[in-house]
Amino acid sequence: MIEREAAGHPVRLSATSSEGSEDAWTELRPYLEAQTESIIYAIQSVLSGVGSPTPPPTLNQNLM
């Protein structure tokens, strides 16, 4: 079992065989889905801010 922390969230992976790989994917999938959702939101915010004549204050937050 491998324990790591990514972006403040603990990630535990236990892969010793092909079945273990499937278990690791099952454990990692919710984390990846949440991160993907956050990334999509940030990209959409940046794109809408760039197209606006007066960029919103959140634009700087999404660029960091």
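Reader: Why does arginine 29 count as partly exposed?

Author: Arginine 29 has a relative accessibility of 42%. Buried means under 20% relative accessible area, exposed means over 50%, and partly exposed is in between (1.4 Å probe, protein chains only). So 42% puts arginine 29 in the partly exposed class. One caveat: this is a predicted model, where local features need pLDDT of at least 70 and side-chain atom pairs pLDDT 80 or more, while totals for chains, interfaces and linings use all residues. Residues are numbered from 1 along each chain as its sequence is written, and side-chain values use heavy atoms, with hydrogens and water left out.

Reader: And what makes glutamate 33 partly exposed?

Author: Its relative accessible area is 43%, so glutamate 33 falls in between those cut-offs too.

Reader: How do you know that glutamate 33 and arginine 29 meet in a salt bridge?

Author: Their side chains come to 2.8 Å, N to O. A salt bridge needs a side-chain nitrogen of Lys or Arg within 4 Å of a carboxyl oxygen of Asp or Glu, so this pair qualifies. The structure holds one salt bridge.

Reader: What separates glutamate 33 and arginine 29 in helix 1?

Author: About one helical turn, because they are four residues apart in helix 1 (residues 18-50).

Reader: What makes the chain's pattern β-β-α-α?

Author: There are two helices and two strands, and reading along the sequence gives that order. Helices (H or I, at least four residues) and strands (E, at least two) are DSSP runs, numbered from the N terminus.

Reader: How much of the chain is buried?

Author: Buried residues make up 17% of the 64 residues.
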